[in-house]
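Hi,

Here is the structure I said I would pass on.

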Amino acid sequence: MAEPVLKIEGISKSFGALKASDDVSLDLVPGEIHALIGPNGAGKTTLIAQIAGSLQPDRGRVHLEGRDVTALDTVARARAGLGRTFQISSLAMEDSVLQNAVLGALGARQKPLGLFARVMKDRDLTEVAMQALREVGLEEYAKFRVADLSHGQRRQLEVAVALTLQPHVFLMDEPMAGLGAEGSAQLVPLLQRLKSRAPILLVEHDMDAVFQLADRISVLVYGRIIATGTPDEIRANAEVREAYLGEEDAA
Amino acid sequence: MISREGLINTALVFGLLLVPLWAHFSDEPYIVTLSTRVAILALAGVGLNLALGLGGLVSLGHAMFFGIGGYAAGILASHAQSYTPLFEWPVVIEGTQFMPVIWLVAIVASALVALLTGALSLRTSGVYFIMITLAFGQMFYYFTISWPAYGGEDGLSIYVRDRFPGLNTLVPIQFFGLCFAALMLALVVVARIARSGFGLALNAARQNEARVRAVGIEPYRLRLAAFVISGAITGLAGALYADLNRFVSPAMFSWQTSGEIMVFVILGGVARLFGPVAGAALFIILEEVLGGMSDYWHIWLGLLLLIVVLFARGGLIGLIAGQARRDSAGEGGGHG
């Protein structure tokens, strides 16, 4: 297997007696979608926060392209090439769709932001931004205010902003949340295309999408990874069926 | 096509220019002085608006910068008047009544204090930020009261208004011209900043901090820079205000001053470029009209402020321009 782009080693995080992450290790190799699934309360959000840098683990290390980024904060990890999307759309709601995308391109440029030049007239930035909007199918909405978009369009914009970062790793926290079957079906081919540009660590509740997209799946239960493998292996895994998929079947 | 807000802004500029010109030719120096006050207080508000409107930083300490600018003018002038140097060691620094130097000192001193106080206070947010900026302002207030070297409680007088090359600043309309020019310059600077990359990121950080972090930009540094520029503009206003009154006192540092600057911004319209201009003008008109009728005119001001906050969030400009949208960083938005 190729050298992993993202490698998480033995991460543990406790809140009092609760072990939110219990010795979690996983990695992400070039060209793959690695899905992280688990029932509610399994510790997915906590794990994502530790990978993104908004939460420091008690133990363990996070490596990005061979570099130890455990001590870096969110900003530094974004600059190191981590492009994340949020579970709850996290956008500048009063700004236009294009402005949100330009903000991403501006951050990714890693140069002084500019104090006097008109940012929306900067062709380099607006081209990157428009390209990203085209890819997610939002180019016609470029001038709309984000607050006026539908929920699904905001989810698409989340992905578009991550695209403008031209990241080395995508960290996607439930990009299909609240999208419904039709919305998910639109996003699936996009993610399929994206993984060749940068591997995707995908946290997702939509099992259809996960089994369609993922090259590998890790199952998180009570803060521990109980299994990692191909979709077929995960389907066949007795422990997983009992802990997770079984529940779904029963429900 | 010019938007409605653009028309209002143009009207404000011409109004602020034509009223004192008319007053000058009608021999009404008091109205020229009132207009000068509007220009200076609007300038102070333009400074605050950058932090408050674009950055979302509710600073209740901007009197600090207003006062620093005022005392920069007062202290330099008092030394020039008494022919005593400020320092003799390690180099001799003389006082001055030369406005460009005074303004430079006011701007640099305010910016430095904004950098120091901002570096600390911006580590907090929300109500704690309001309280810590208030506390910094009050520290300066009590310090100047108890500092006998420069008049303490009694303040400092500037016996002859400071000079500006080529102008006779003692003529009210000429001094007004200076203040008006400073205001216009500040408006241009803030307008450019609002549409810059820095402005886009600052405005986005106000709306969603996590988003800005996720694209690799640190909100703290944006806010600190905004706070410094904001403080410097308000500091310049303070220096002009000292020359307008030819007097500075600790009252410039009081939290009521911070409150009044914020009232200008809110009355006129938070985050509207010309909000502070409209707000300061309305404030002075109310003070003149209502103040002439009753000593308790602040009650009516309070009522008006209440109405604006409850029913017209965009302030006076938002009310007339008729859209509740903030004048944010770009030309792309707003098909609401």
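D23(A) counts as exposed because its relative accessibility is 52%, and the cut-off for that label is over 50%. The residue sits in strand β2 of chain A, which covers residues 18-28. Most residues other than glycine have a negative phi. Do bear in mind throughout that this is a predicted model.

There is another case of this kind in chain A. Q110(A), also not a glycine, has a positive phi of about 55 degrees. Q110(A) belongs to the loop that runs between α3 (97-109) and α4 (123-136) of chain A. With a relative accessible area of 38%, Q110(A) is partly exposed.

Now to the inside of chain A. Is L220(A) buried or exposed? Its relative accessible area is 1%, so it is buried. You will find L220(A) in strand β9 of chain A, residues 216-221. Its contacts beyond four places in sequence include V24(A), L36(A), I37(A), P39(A), A42(A), L47(A) and I225(A). G38(A), G43(A) and K44(A) are also among them. As for distance along the chain, L220(A) and D22(A) are 198 residues apart in sequence, yet their C-alpha atoms are 9.8 Å apart in space.

On the domain level, chain A splits into domain 1 (1-81 + 170-181 + 188-251) and domain 2 (92-166). The C-alpha centres of these two domains of chain A are 27 Å apart. Domain 1 of chain A puts 13 residues into the contact between them, and domain 2 of chain A puts in nine residues.

Next, the cores. The largest nonpolar core contains 151 residues. Those with the most contacts inside it come from both chains: L133(A), L157(A), L191(A) and L194(A), plus L43(B), L183(B) and L222(B). Helix α9 of chain B (residues 219-245) supplies the largest share of this core, 16 residues. Domain 1 and domain 2 of chain A each give this core at least three residues. As a general point, nonpolar side chains in soluble globular proteins tend to be buried together.

What does L183(B) touch, not counting residues up to four places away in sequence? The list is L16(B), A39(B), A42(B), L43(B), V46(B) and V277(B).

Staying in chain B, have a look at R37(B), in helix α2 (residues 29-54). R37(B) counts as buried because its relative accessibility is 18%, with the cut-off set at under 20%. Leaving out residues up to four places away in sequence, R37(B) touches Y241(B), L244(B), I284(B) and E287(B).

Last, the surface of chain B. A nonpolar patch there is formed by Y296(B), I299(B), W300(B), L303(B), L306(B), I307(B), L310(B) and F311(B). Together they have about 970 Å² of accessible area. Of this set, Y296(B) lies in the loop between α11 (275-293) and α12 (297-311) of chain B. Y296(B) counts as exposed because its relative accessibility is 61%.

Cheers

Technical notes. Residues numbered from 1 in each chain as written. Chains lettered and ligands numbered in written order. Predicted model: local features only at pLDDT ≥ 70, side-chain atom pairs only at ≥ 80, totals over all residues. Heavy atoms only, no water. Core = buried A, V, L, I, M, F, W, Y, C linked by side-chain atoms within 4.5 Å. Buried < 20%, exposed > 50% of the residue type's maximum accessible area, 1.4 Å probe, protein only. Helix = DSSP H or I, 4+ residues; strand = E, 2+ residues; numbered from the N terminus. Domains from an automatic or database assignment. Contact = heavy atoms within 4.5 Å. Patch = residues over 30% accessible without salt bridge, like charges linked within 9 Å, V, L, I, M, F, W, Y side chains within 5 Å. Areas by Shrake-Rupley, 256 points an atom, 1.4 Å probe, with all protein chains shown as cover. Salt bridge = Lys/Arg side-chain N within 4 Å of Asp/Glu carboxyl O.
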